[in-house]
Amino acid sequence: MATFRARPPSLLGVNRPRPAEVDAKRIHVPVARATVDCAIYVDGERLPGKYTHAAALERVRELEAEGQQAFVWIGLHEPDEFQMQSVAEVFGLHPLAVEDAVHAHQRPKVERYDDTLFLVLKTVIYVPHESVALAREIVETGEIMVFVGSDFVVTVRHGDHTGLAGLRKKLEEEHQQLALGPYGVMHAIADHVVDTYRDVSALMECDIDAIESDTFSPLTKTDIEPIYMLKREVVELRRAVSPLTVALARFNTEYKDLMTKELLRYMRDVLDHQTQAADRIASYDEMLSSLVQAALAKVGMQQNTDMRKITAWAAMAAVPTMIAGIYGMNFDDMPELHWRWGYPLVVLVMVGICSFLYRNFRRNHWL
């Protein structure tokens, strides 16, 4: 008789917590774990002490009530949804922008939500390598999102190379840029990112020059794989850099009311540098497209040369093969078959014909 074993209540779902209970028991990582730095600045000077994002904004509002120009700058590195939502509630950030900041992989852009600007910047870094042929990656990308309000700056970074600690330290030493307020910080970050575009494009020019020299060198066998790899990296760099030109151009048309004339001049200077970098990268893209065509043509010429050599050697091999085939049929009435010097004569004839063909092929540059 078959027996049935009762299943434990946990397998029947009796003891399983409900979704609401699971959410309530979920442990959220505090914002401090994603915070790189949080500081208050008054007239370009950093106030001493450590603050949470909420305490920092509260202190800034107190200073503003006293008539001082102050703002808070908080830097976050790859925050999760809970951490970003906590910051958004304090600073009043728009949910759509908050979603973009958490999930990243955004195109460079600038958007306005009431009196808050949301700027997305793609960061790039040049990966050192011995040669293009041995490199797996030449350009690595990351992202920086900047929320700018009247009294706060929130920067959200994605990637390991996107640190702003050096830039923050430089601004704190000079003071003038920080004295311009939150939009001065935004300009400094944008200018810093655009300067990296120019540096990376200058380093990539060396790789392109090396590939170009190999492609047009008559004594070097062309390998087209490095050209395709470099073309892919330039395309990735162009996608990171080019869209920012349109975004920066909007500052002087749509956001004049948020920034002073001096800051608008600074942003125009950043736009000018951005345009130069984008044009240089676009020229690299066109140059590599031409190199691909040149490399394909060179490979085709190499294949034609190889085919001519193979054909020449096959023609020379066909002569002794034909003669040996004829004498291998074992007929009694073959010419010189029973003559003492017949065999050496046939060999001499084969060598003579092959030497004649070899000379002609060499003269015609087939060998």
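Which residues form a negative surface patch? Select Glu-78, Glu-137, Glu-140 and Asp-160, which together make up that patch. Keep in mind throughout that this is a predicted model.

Stay on Glu-78 for a moment. The loop between β3 (70-77) and α3 (81-91) holds Glu-78. Glu-78 counts as partly exposed because its relative accessibility is 41%, and the cut-off for exposed is over 50%.

Next, select Asp-207 in helix α7 (residues 182-215).

**Salt bridges**

How many salt bridges does the structure hold? The count is 15, and the next stops visit some of them.

Select Arg-168 and Asp-37. These two form a salt bridge in which the closest N and O atoms are 3.5 Å apart. The pair links distant parts of the chain, with Arg-168 in helix α5 (residues 165-174) and Asp-37 in strand β1 (residues 35-42), 131 residues apart. Is Arg-168 buried or exposed? Arg-168 counts as buried because its relative accessibility is 7%, and buried means under 20%.

Together with Asp-37 and Arg-168, they are linked in a network of salt bridges.

Move on to Asp-257 and Arg-112. Their side chains meet in a salt bridge of 2.9 Å, N to O. This pair, too, links distant parts of the chain: Asp-257 lies in the loop between α9 (243-249) and α10 (261-327), Arg-112 lies in strand β4 (residues 109-113), and 145 residues separate them. Colour the two by accessibility. Asp-257 counts as exposed, at 56% relative accessibility, whereas Arg-112 is partly exposed, with a relative accessible area of 30%.

For the last stop, select Lys-109 and Glu-111. A salt bridge joins their side chains, at 3.4 Å from N to O. Glu-111 counts as partly exposed, with 25% relative accessibility.

Notes: Residues are numbered from 1 along each chain as its sequence is written. This is a predicted model: local features need pLDDT of at least 70, side-chain atom pairs count only at pLDDT 80 or more; totals for chains, interfaces and linings use all residues. Side-chain values use heavy atoms; hydrogens and water are left out. Patches are made of residues with over 30% relative accessible area and no salt bridge: like charges are joined within 9 Å, nonpolar side chains (Val, Leu, Ile, Met, Phe, Trp, Tyr) within 5 Å. Accessible areas come from the Shrake-Rupley method with a 1.4 Å probe; for residues, only the protein chains shown count as cover. A salt bridge is a side-chain nitrogen of Lys or Arg within 4 Å of a carboxyl oxygen of Asp or Glu. Lys and Arg count as positive and Asp and Glu as negative; His and the chain ends are not counted. The place of a charge is taken as NZ of Lys, CZ of Arg, CG of Asp or CD of Glu. Helices (H or I, at least four residues) and strands (E, at least two) are DSSP runs, numbered from the N terminus. Buried means under 20% relative accessible area, exposed over 50%, partly exposed in between (1.4 Å probe, protein chains only).
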